[in-house]
Amino acid sequence: MLTQLTHDIATLSRRGLLAASAGLVLGLAAFGPAKAADDTIKVGVLHSLSGTMAISETTLKDTILFLIDEQNKKGGLLGKKLEAVVVDPASNWPLFAEKARELITKDKVAVVFGCWTSVSRKSVLPVFKELNNILFYPVQYEGEESERNVFYTGAAPNQQAIPAVDYLMKDEKVKRWVLAGTDYVYPRTTNKILEAYLKSKGVKQEDIMINYTPFGHSDWQTIVADIKKFGSAGKKTAVVSTINGDANVPFYKELGNQGIKATDIPVVAFSVGEEELAGIDTKPLLGHLAAWNYFESIKTPANEKFIKEWQAYTKNPKRTTNDPMEAHVIGFNMWVKAVEKVKSTDADKVIDALPGTETPNLTGGVSKMLPNHHITKPVFIGEIKANGQFDVVWKTPGLVAGDAWSKELEGSKDLIGDWVGKKCGNYNTKTNKCGGQGT
Amino acid sequence: MRTEEAAILPPPPTFCRGRPVVANVFDRLRTLVLSVFLIAAFALPAFAGAFEDAVAKFANDEFSDTEEAIGTIATSGNPLAFPIISALGEDRLSADPDTRKVFITQADGKIIDAATGAAVDKLPDNAASVRLNNRLRRTVEAALGGLTLLSPDPVKRIAAAQSVFKTHDETMLPVVDGALAKETNKAAKQAFAEARAAILLYKQDATDVEKLEAIVAVKARGDQEAMALLTGLGSDQSPAVASAAANATAAIQRTLALWSTVQNAWYGLSLGSVLLLAAIGLAITFGVMGVINMAHGEMVMIGAYTTFVVQETIRTSYPGLFDYSLLIAVPLAFIVAGAIGVLIERTIIRFLYGRPLETLLATWGLSLVLQQAVRTAFGPTNREVGNPSWMSGAFELGQITITYNRLWILCFTLAVFAILLAMLRYTALGLEMRAVTQNRRMAASMGIATSRVDALTFGLGSGIAGIAGVALSQIDNVSPNLGQSYIIDSFMVVVFGGVGNLWGTLVGAFTLGIANKFLEPVAGAVLAKIAILVLIILFIQKRPRGLFALKGRAVEA
């Protein structure tokens, strides 16, 4: 005990005055029982650095490294330095599960930040349940899930898709809808939810066109011509796009070349952010929309500070920021707060402490972790500008709470996730039983 | 004189431009003089006040205020109205929220005060460009349409008439009528007539006769916009108009259905040309040499990245050459990819001839190595390769839209194919290649350096893949994964067309492209692709050597 204290004082003198107060708190925390021997807390980063998803996920790996660096500059956490353990699951879904197991059992990480596609998340779920660890998942997804070990910091459909459709209906008076997506679980579920929602608003079946394309689809001629045809029925038409990252570039190029302007048929996208636009000439896309919970162009002191520090960290004055990055910022800060609150990185304690944790987001609000392990977020609609950034044209009046289970779908409208009171991810409010039917 | 006239008359109401009040009192000439006077003395200042207020509204940064301002300015008759609204539409209008002054950045970079037209040295530091959303962009378009209907440039007049056709705003009718009466340009006249018809069709108090005439005019236009206009008519029309509109819609639909077949055929050709371009290189390395080259796609990717590097260099050093960037990139991509191809052949593939399984694994591994190398060198994100101006946009042919980039790629593919064919047939290297691939030992005994020919053939195939990359960079992502999306398609084309036969590759590519595009509208993109794969599997069962099988002893050897 005494040696521990002298050791701490010794470290204190080395740290300098600024960190002294933090050090004192940390020194006290170090009296806690286990793990005192290790002087670092390990944080797992499970993002693809090679393969098809590297385009999106590499930035998220850098974000976590940046956040850890910032936290260590502030004196670390519980008196220990944070240490990132980066693995590369190589866009290979089964490898995600293997790498997750490696992180937890071999490297003994306290928490993992990772995954992008829903299929990778589904692939690591059993590992996190079995080994009882924590995953922060930063990407907008299709919902219909609430797991004890996972915290969803990206948008659920009611935090992105539904407000976007509302905006088009009210402000653009859209009457006819094209739901275009890549053929996998996220677009299919989102479109199912949207279709049910549109019908509940009185849109007829013949005014909805649903279209799926394979991953990486590059020949959009037919589909764009179809959209043009569908849009010439005398009613205002819009495209709701859940087209996945890479296929967007040729899609937008074809739209631009065939002369479909946003003033005629606007396209609102859920997977197109600043990063995706970096690869295209955005002038023909002026006015097409995207719905996110964060845009780089939003002017708040927190966001401007974040962008400045991020660009300094990456040594690239042009490096863009995007929505999933903000989700990681929120998730990381929430985790730090929860760990500080329970003074431990023990998974069970942190999982119990996380719901209710509040942390400022980068757009001027305060996001809160909800009992269903989703967070509250503002929703913004941005129009693409000629410089590849978004101009916010609409936002929700307040923060929107994420629904784990969609209220629009027959199979899930009675379900809620509640890990605080009911200790259950799919509690059926009609039958009052846990383990209700999901989709 | 000025004071005298002003004294006689009561102060004129703001919206009265003189004439009616005084016509009874003065003779015609004096009336004319007077009206000029009144405009000069009273009307302009009165309008100018409203005009200036409207201009200042841009500084509020509220969409609703901007919309009001556009309305007031467009109808003000002020000579600055057109520059202001066109600057707004082109993102050249900026406002200072503190001083509430609004500025126009002119096309030549000079800056003027929007309210007065006075020249300004530079924009204030906190001036921000006036923001628009889609609704406002439509308002701007409509206002510009109104302002340019009488422009001396017929192209602008036609564009304006077309924007009126879309908005069919009733208040534009007198202007359109006036413009129509004195229009001499044939195309512009027709555009005005169509715009007039569109307005009448939607005008509440237009007679049935007018509406029926309008339907005939709109029907004659016969495109999708005409159909949108006709189907958008409300249900409150008289039976005669409603049935005429329904008939016209049906007629347009019939023509459009016919055109959509033509359109599918064109899309099929276009997709076929992309498939062919991606596959020609493979037709050499796999088809002629028999090397199962899984790294073929990566050669395409290297070609695309070469284009990116060329464009970056041009952007930073010689911006004027941008439109020629692709012409410069083609030979460079050929050399870079070809050199890498020769290197691969010399260091890896030559040890593996006759061992297809090992070749497959080695080249597959190589493709991963090349992808990761590019990812490390250029980063994992997409790189922007711009379209030169002659490859952007589209033109209308009848009722189909043909985009320039697809058209150029089709021409380019056919040119590459023709050159390659000529090379194989008429050059010494081509002769040696054919000799070596048909009977290696015989060729060797005739004094051909077979290993050199092998290296060059592989280099040629890779170089052509590199050229394909230049073209594909125009329609697809330039990312490390670019090649992967083409490798399966390329093998499909070569196997379907018949291994070892370039003509087979050509026919195979266009067949698959057209079949795909005719299936796609019926089955959707995903099912169409599956259906094509199933058809190929069945076809290969029936004809294992593809469409055009090579015959003779050489094949069995």
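**View 1. Helices α13 and α15 of chain B pack with axes that come within 9 Å and cross at roughly 20°.** Helix α13 covers residues 296–317 and helix α15 residues 356–378. Helices (H or I, at least four residues) and strands (E, at least two) are DSSP runs, numbered from the N terminus. Axes are lines fitted to C-alpha atoms, for helices over the stretch in contact; angles run from 0 to 180 degrees between N-to-C directions. The crossing angle makes α13(B) roughly parallel to α15(B) (under 35 degrees). The model is predicted: local features need pLDDT of at least 70, side-chain atom pairs count only at pLDDT 80 or more, and totals for chains, interfaces and linings use all residues. Residues are numbered from 1 along each chain as its sequence is written, with chains lettered from A and ligands numbered from 1 in the order in which they are written.

**View 2. Residues between α13(B) and α15(B).** Gly297(B), Glu298(B), Met301(B) and Tyr305(B) of α13(B) meet Ser367(B), Leu370(B), Gln371(B), Val374(B) and Phe378(B) of α15(B) (C-beta atoms, placed from the backbone, within 7 Å). By class, this contact has five nonpolar, three polar and one charged residues (Ala, Val, Leu, Ile, Met, Phe, Trp, Tyr, Cys and Pro count as nonpolar, Asp, Glu, Lys and Arg as charged, the others, Gly among them, as polar).

**View 3. Chain A against chain B.** 47 residues of chain A contact 48 of chain B. Helix α8(A) gives the largest share of chain A's side, seven residues. That side has 15 nonpolar, 18 polar and 14 charged residues.

**View 4. The end of α3(A).** Gly75(A), just after this helix, takes a positive phi of about 105°.

Notes:
Parallel < 35°, antiparallel > 145°, perpendicular 65-115°, else oblique. Contact = placed C-beta atoms within 7 Å.
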